[in-house]
Structures are given as structure tokens and as C-alpha cells.
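Q: Can we go through this one together? I'd like to start with how a term is used and then move on to the fold.

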Amino acid sequence: FFIQLFKQIFCSPSVMIEQLIHEKKGPRDASQILANLLPATICLLLYQQTNQAAFLIAYLTSIAGATADTWGSEIGVLSRKQPFDILRLKRTTTGMSGGISFLGTIASFLGSFGSIFTFYFFNLYLELPLATSDFKLVLTLGFLATFFDSFLGSAFQRAYTTSNNNLTEQPGNNQLIKGFSWFGNDLVNLL
């Protein structure tokens, strides 16, 4: 519902989400889930074993960063304007890693805020060892994680050109024009 609403509000009629070229097609797969949740899971297990608040903060930051990145990516592609490559500071193809847009940036902040607000609300009842300043730190770091993700995507993630000179992140029989062939989106998300 929300994606359709954003599409109606922010997209020009010529933008078709189905035409965007992505590395992954279809539903999330196990490697994507692992890349996004492994750091959080490790931090949560370390918190459980040590009871150190720093691991709980790292866990929350990982969740906030993954949520912010997902919201920024999924909603950012709906922008009417082409995104800017975060390193090259020039327009790039919609859907390519390393691109940022105003709409995607706002969505990233809201994703980080939404996940942290939820934890903050539950913290009132669970009495975790976290202060309000810890939640502000997590919100900030979760939001900044999207820029780190875009930096890695622009600097190191693989990009190819097809025989029709279209940009894609899918290897296939395409020619590598940027990044490293082994540096995919799952690795970016894990880092």
C-alpha cells in the first residue's frame, strides 16, 4: 500500500518500477537475509553472554541501518529525479548501487527512526540498560549506515554494461565496468 502511495505521489508516469535493473529479482533470498541479520544476531548473542550495553547498542544500530537501507532503496527508486552517485556527484541510473536521492534519504531517516522508536517504546516496559542518548546515537548511526552502504556500492560494488549499453549489477554475459566481480550487494549489506 505504502509503495503504491509513494509511487502515485512522487513518480512521474514514465517511471516504471518493473523496468529498474537490480541485482536481485524476486523475493529476498537466504544470502540477503544472512547479510542483513548476521551482524545484528552476533551482537545480540554477545549482549546475552556479556550483558554489556555496547553490544545491545550495536545490535540496535545494525537493525536501524538495515531498515534505513531497505526503506531508502525501496522508496528511493520511486523518485521522479535520477539519483546522484555519492562519490562521483553526478546523476546515475535509478536502481544502481551508490545512488542517493532526496526521497531515498528521507525514507532512510524514517526507516531508522521507525525501528528505533519501536525499540524505545518497548524499552519503557523492558527496562533495558539504555538511556535516551543511546537511542539518539543509534538513530544517527543507523541513518549514516545508508551513506556508508551507498559509498561501498559506488566505490567497490560490481556494475556491468549489457550488449545494449544498459547498466546492470547482474554478471551474466555482461562486461564489468566498475568495482570487483566478487563485491556484490550482499557483501555491501554485510559490511
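Q: What does exposed mean here, and what does buried mean?
A: Exposed means over 50% relative accessible area, buried means under 20%, and partly exposed is in between.

Q: Where is Leu89 found, and is it buried or exposed?
A: Leu89 is found in the loop between β1 (84-85) and β2 (99-100). Its relative accessible area is 66%, and the cut-off for exposed is over 50%, so Leu89 is exposed.

Q: What about the phi of Leu89?
A: The phi of Leu89 is positive, about 50 degrees, although the residue is not a glycine. Most residues other than glycine have a negative phi.

Q: Which loop holds Asn165, and what is its phi?
A: Asn165 lies in the loop between β3 (159-161) and β4 (167-168). Asn165 is not a glycine either, and its phi is positive at about 65 degrees.

Q: Why does Asn165 count as exposed?
A: Asn165 has 66% relative accessibility and exposed means over 50%, so Asn165 counts as exposed.

Q: Back up a bit. Is this model predicted or experimental?
A: The model is predicted. Its mean pLDDT is 85, and 85% of the residues reach 70 or more.

Q: Where does pLDDT stay under 50?
A: Over residues 12-24. For that stretch the model has 29 contacts beyond four places in sequence.

Q: How many helices and strands are there?
A: The protein has 6 helices and 5 strands. From the N terminus on, the order of elements is α-α-α-β-β-α-α-β-β-β-α.

Q: What share of the residues is buried?
A: Of the 191 residues, 39% count as buried. The protein exposes about 11300 Å², and carbon and sulfur atoms supply 65% of that area.

Q: And how much of the contact set comes from residues 24 or more positions apart?
A: Such pairs account for 64% of the contacts with a separation of 6 or more.

Q: Let's take some helix residues. Where is Gly153, and which residues is it in contact with?
A: Gly153 lies in helix α5. Leaving aside neighbours within four places in sequence, Gly153 is in contact with Ser97, Gly98, Lys178 and Val188.

Q: Is Gly153 buried or exposed?
A: Gly153 is buried, because its relative accessible area is 0% and buried means under 20%.

Q: Lys136 is in which helix, and is it buried or exposed?
A: Lys136 lies in helix α5. Lys136 is exposed, with a relative accessible area of 56%. From Lys136 to Phe113, 23 residues apart along the chain, the C-alpha separation is 9.3 Å.

Q: Now Ser115. Where is it, and what does it contact?
A: Ser115 is in helix α4 (residues 102-126). Its contacts, apart from neighbours within four places in sequence, are with Ile63, Ala64 and Thr67. Ser115 is buried, with a relative accessible area of 10%.

Q: Asp186: buried or exposed?
A: Asp186 is buried, with a relative accessible area of 18%. Asp186 lies in helix α6. Asp186 and Gln32 are 154 residues apart in sequence, yet 5.6 Å apart in space, C-alpha to C-alpha.

Q: Change of topic: how much space lies in the second largest pocket?
A: About 330 Å³. Of the 18 residues that line the second largest pocket, the closest to its centre are Ser62, Gly65, Ala145, Asn189 and Leu191.

Q: Which elements give two or more residues to that lining?
A: Those are α2 (30-50), α3 (53-76), α5 (132-155) and α6 (185-190). Helix α3 gives the most, with 6 residues.

Q: How does the lining split by class?
A: The lining of the second largest pocket has 11 nonpolar, 5 polar and 2 charged residues.

Methods. Residues numbered from 1 in each chain as written. Predicted model: local features only at pLDDT ≥ 70, side-chain atom pairs only at ≥ 80, totals over all residues. Heavy atoms only, no water. pLDDT = per-residue confidence, 0-100. Contact = heavy atoms within 4.5 Å. 1 Å grid on protein atoms, 1.4 Å probe; cavity = no way out; pocket = protein on both sides within 12 Å on 5 of 7 lines; lining within 4 Å. Points joined across faces, edges and corners; volume = space filled by probe spheres on them. Helix = DSSP H or I, 4+ residues; strand = E, 2+ residues; numbered from the N terminus. Nonpolar A, V, L, I, M, F, W, Y, C, P; charged D, E, K, R; others polar. Buried < 20%, exposed > 50% of the residue type's maximum accessible area, 1.4 Å probe, protein only. Areas by Shrake-Rupley, 256 points an atom, 1.4 Å probe, with all protein chains shown as cover.
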